[in-house]
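This report describes a ligand site and the packing of selected helices. The sequence and structure are shown first.

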Amino acid sequence: MSFPKDFLWGGALAANQVEGAYLEDGKLPSTADTLGAGFENRFKNTTFTINEGEYYPSHTASDFYHHYKEDVAYFAKMGFKCLRTSIAWSRIYPTGEEEKPNEAGLRFYDDLFDECLKYGIQPVITITHYEMPLHLAKKYGGWKNRSLLPFYENYCRTIFTRYKDKVKYWLNFNEINTLTLLPQFNGGFTINRDADDYGQTIYQAAHHMFVASARANQLCHEIIPDAKIGMMLAGMQSYAETCKPEDVYATLIKKRETFFFSDVMMRGTYPSYTASLFKKMNVKLKIQEGDLELMAKYPCDYLGFSYYMSNVTTTDKEKLGDLVGNMSWGIKNPFLKESEWGWQYDPIGFKNYMIELYDRYQKPLFCVENGLGAKDTLIDDHQGGYTVNDDYRIDYLREHIKCMEEAIEDGVDLMGYTVWGCLDLVSASGGEMSKRYGMIYVDDAGNGSFKRYIKKSFNWYKKVIETNGGDLK
Ligand code: BG6
């Protein structure tokens, strides 16, 4: 058996997709609370407003805020070694600018982490997952503006100090590389891809986030010397459509758009191709004294990444332009099956991707998101409740776990694996609850009862963890 004995098996959530209670105990809205339901509303959000009478899924989500004890007990039953979730910045600093943190917000996460630790579940905490206090986006234009740095630093210092005895695994910005596609998710601003200043705006914001991450890494190590802090990359596996050298080169360049972020954050320096990239994108980066030294001194300890699917790159202009899922562009692969949302799953691509990442950085990896979004149907469990026969999800996870094992055998240092949305939650791209990833069914955001039901994959994953990946049947 290849999985190390301290392998961190678990599940992953994000505050805005699961907690609900968006105005409770002093919290104010975050940017995520302005995203409505449906692709159009989320992808084209340019105003960051909440219109009365409209439905916003994050406002209620899975009501984890009130159900976390019950949910953590379920996670413990499955044998989780860790739980990845995020802290909602706007629970701690409701506008982002307060001098003192909101005690009620801090207490919620204290209680959540205590509940996890009671069962031996290690919290793995994303500092921000696709949100920031709405006020910071409205007043400053999010990460476009360097003024966000002291607010972020203050927030990080507060949470590191408060949770130093409870949280030993941290992650910087969720899927930082998606900034180039959807800055409204993790950048707190919007910009048209065709705008003249697109490149300048995106990469300047990225620079601010790199400096912020380096500062967070420094603070984390000073305040919690035995903690590890990683980056979080949206894993984007891509293949050339043909072996035509032009297609192969286009694929290399496309993958580099993603690797640019991990190259900077894992190595602590801008890679040599930055000059040509910035020339092409018309970027003249404003760097302040000390920025580059800070980034070089405090790179990330490990690389956290999500992986759902792969795509295909082509230079054939007629075929270009399809969004093929998880914020990645390309065309379909005739050799792969796809989910109900058209995401093509590719476990071998997962193995290859991990090997590629490890070859590139030689630092520990942590797969902090993987899973299948599918429509589930509740059926009678003949014990007075309901369940879901989600064999399709079990198949997806089994294949990916097998390939993960092969990557470890190849020499990849993998810290753990957390199944995305282990508790059903609101989908990031569609704002819908019908796209479910979990082993625990939640009767819906909005008008639901929020009742939880165990799916077939619950007991399957329990057995996988119990046998440390030895029994995948
Ligand atoms: C990742 C995000 O992109 O993929 C999550 O980090 C997201 O927040 C997940 O939920 C799955 O995407 P979706 O659109 O199916 O929710």
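The sections below treat the basis of the model, the ligand site and the helix packing in turn.

## Basis of the values

The model is predicted: local features need pLDDT of at least 70, side-chain atom pairs count only at pLDDT 80 or more, and totals for chains, interfaces and linings use all residues. Residues are numbered from 1 along each chain as its sequence is written, and side-chain values use heavy atoms, with hydrogens and water left out.

## Ligand site

A ligand oxygen lies 2.6 Å from a side-chain N or O atom of Glu-175. For Gln-17, the corresponding distance from a ligand oxygen to a side-chain N or O atom is 2.7 Å, and for Trp-420 it is 3.2 Å. The protein covers 100% of the 380 Å² of accessible area that the ligand has on its own (Shrake-Rupley method, 1.4 Å probe; for residues, only the protein chains shown count as cover).

## Helix packing

Helices (H or I, at least four residues) are DSSP runs numbered from the N terminus, as are strands (E, at least two). Axes are lines fitted to C-alpha atoms, for helices over the stretch in contact, and angles run from 0 to 180 degrees between N-to-C directions. Helix α7 (residues 148-162) packs against helix α9 (residues 198-223) at about 25°, with the axes 10 Å apart. The two helices, α7 and α9, are therefore roughly parallel to each other (under 35 degrees; over 145 is roughly antiparallel, 65 to 115 roughly perpendicular and the rest oblique).

Helix α10 (residues 245-267) and helix α13 (residues 347-361) pack at an angle of about 45°, and their axes are 11 Å apart. This makes α10 oblique to α13.

Conventions:
A polar contact is a pair of N or O atoms within 3.5 Å; within protein, one must be able to donate a hydrogen and the other to accept it, and residues adjacent in sequence count only if both atoms are side-chain atoms.
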